[in-house]
Amino acid sequence: MARPFDVSKFRKDITKSIDGLSIGFHDPTDWVSTGNYCLNYLISGDFNRGVPLGKVTVFAGESGAGKSYFAAGNIVKAAQEQGIFVVLIDSENALDESWLHALGVSTEADKLLKLSMSMIDDVAKTISTFMKDYKSMEPEDRAETKVMFVIDSLGMLLTPTDVDQFEAGNMKGDMGRKPKALTSLVRNTVNMIGAYNVGMVCTNHTYASQDMFDPDDKISGGQGFIYASSIVVAMRKLKLKIDEDGNKTTTVQGIRAACKVMKTRYSKPFEAVQVEIPYSTGMNPYSGLLEMFEKNGIVKKDGNKLKYISHAGEEIKEFRKQWTGERLQIVMDDIISGEKSVTDDKISSVQGENPEHIEIELEKK
């Protein structure tokens, strides 16, 4: 008679034989808001969830598109409010303490460790050293210790070849070593943090394509590390010419951060939102929601006004300018309660695998 397969013995043997093996599923339990309800939904399928711990998230875009605003500002602030310790790695020498304070970020030593680094190797060593110490903690202590690494930015990090050539006056470049180093950094980090309450959020630059047959912007550093990332948000900078009252102006009042979720495992990819960030007031967390509701037929045009019938039967009919936070919150609450759907074929919590080929395709306006 054949001996039955002993799963528990196999599990025990394989755990002993392979160092660092993680068994079972490790779905994210902690999420950090981006500060914008609409962008949260496009990333995670939930208005109040943004980016998860245990994963790597990349915000890629041109200079001034709002990458640091989201990654080093909003996300760091939200993480701190949830008791998550932040290790902020600044490779651009651009994150001033006064700027962080203006965005509500605490720079107290028990909430934030700010590191200025220029070498990819140093970043890798920092993460590796931390994870070795983290894994050696007692399980109950580890469960209470939540950490997020924020790197601003990957594009400015250097390889030893970059430094050696600069010192020698040789500016030929690193001959493709940097993309390989960045890919190695992200791949190793993904494997290290996947089973733990440790996350990583990075920013990176894009550059204009020189290929007339493939004109979409390209992410610097190659595509290798993009495949290892769980979430990729492409960003483009557009001008905001609307004042605080919603009136059009001839002068620039801020930026529109055009965000397109190119890769996510938690919602439908390739959805976009334009987040308004006025210079005078900063971003409104409800920015972009009305356009999303209108696009999906939840809020509908009725003459020169926009109308919505709430789950409670209340009719809300106002001019576009009057659709502010309080009214948008009513619609959002109906969706959260399950009484309304953002789309006709309601977005499921998990959409499965993502397309292998990732491109930046933000519409120029």
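A charge sits over a ring if NZ of Lys or CZ of Arg is within 6 Å of the ring centre and within 35 degrees of the ring normal. Lys-305 meets this test: it lies over the face of Phe-319, at 4.8 Å from the ring centre. This is a predicted model, so local features need pLDDT of at least 70 and side-chain atom pairs count only at pLDDT 80 or more, while totals for chains, interfaces and linings use all residues. Residues are numbered from 1 along each chain as its sequence is written, and side-chain values use heavy atoms, with hydrogens and water left out.

**The whole chain**

- The chain has 11 helices and 14 strands. Both are DSSP runs numbered from the N terminus: helices are H or I with at least four residues, strands are E with at least two.
- Of its 365 residues, 44% count as buried. Buried means under 20% relative accessible area, exposed over 50%, and partly exposed in between (1.4 Å probe, protein chains only).
- The chain exposes about 19,300 Å², and carbon and sulfur atoms supply 50% of that area. The areas come from the Shrake-Rupley method with a 1.4 Å probe; for residues, only the protein chains shown count as cover.
- Take the contacts with a separation of 6 or more: residues 24 or more positions apart account for 67% of them. Contact means heavy atoms within 4.5 Å.

**Aromatic pairs**

- The structure holds 9 aromatic pairs. Rings of Phe, Tyr and Trp (its six-membered ring) pair if their centres lie within 6.5 Å; planes under 30 degrees apart count as stacked, over 60 as edge-to-face and the rest as tilted.
- Phe-47 and Phe-293 form an edge-to-face pair, with 6.4 Å centre to centre and 75° between the planes. Phe-47 lies in the loop between helix H2 (37-44) and strand S2 (51-52), and Phe-293 lies in helix H10 (residues 289-295), so the pair ties together parts that are 246 residues apart in sequence.
- Phe-47 is buried at 2% relative accessible area. Phe-293 is buried at 0%.
- Tyr-69 and Phe-70 also pair edge-to-face, at 6.0 Å centre to centre and 80° between the planes. Tyr-69 is buried at 16%, and Phe-70 is buried at 0%.
- Ring pairs also link Phe-130, Tyr-134, Phe-149 and Tyr-196 into a cluster.

**Helix H8**

- Helix H8 (residues 177-193) has 17 residues and should span 24 Å at 1.5 Å a residue; its end C-alpha atoms are 24 Å apart, which agrees. The expected span is 1.5 Å times one less than the number of residues.
- Its buried residues are Lys-178, Leu-182, Thr-183, Leu-185, Val-186, Thr-189 and Ile-193. They cover an arc of only 160° around the axis, so they sit on the same side of H8. The arc is that of the directions from the helix axis to the C-beta atoms.
- The buried residues pack against strand S3 (56-61), helix H5 (120-135), strand S7 (198-207) and helix H9 (224-228).
- The face turned away from the buried side carries the exposed residues Lys-180 and Asn-191.

**Two single residues**

- Gly-194 sits in the loop between H8 and S7 and is partly exposed at 25%. Leaving aside neighbours within four places in sequence, Gly-194 is in contact with His-26 and Gly-54.
- The C-alpha atoms of Gly-194 and Pro-28 are separated by 9.0 Å, yet these residues are 166 residues apart along the chain.
- Arg-256 is in strand S10 (residues 254-263) and is buried at 19%. Beyond neighbours within four places in sequence, its contacts include Arg-236, Leu-240, Gln-274 and Glu-276.
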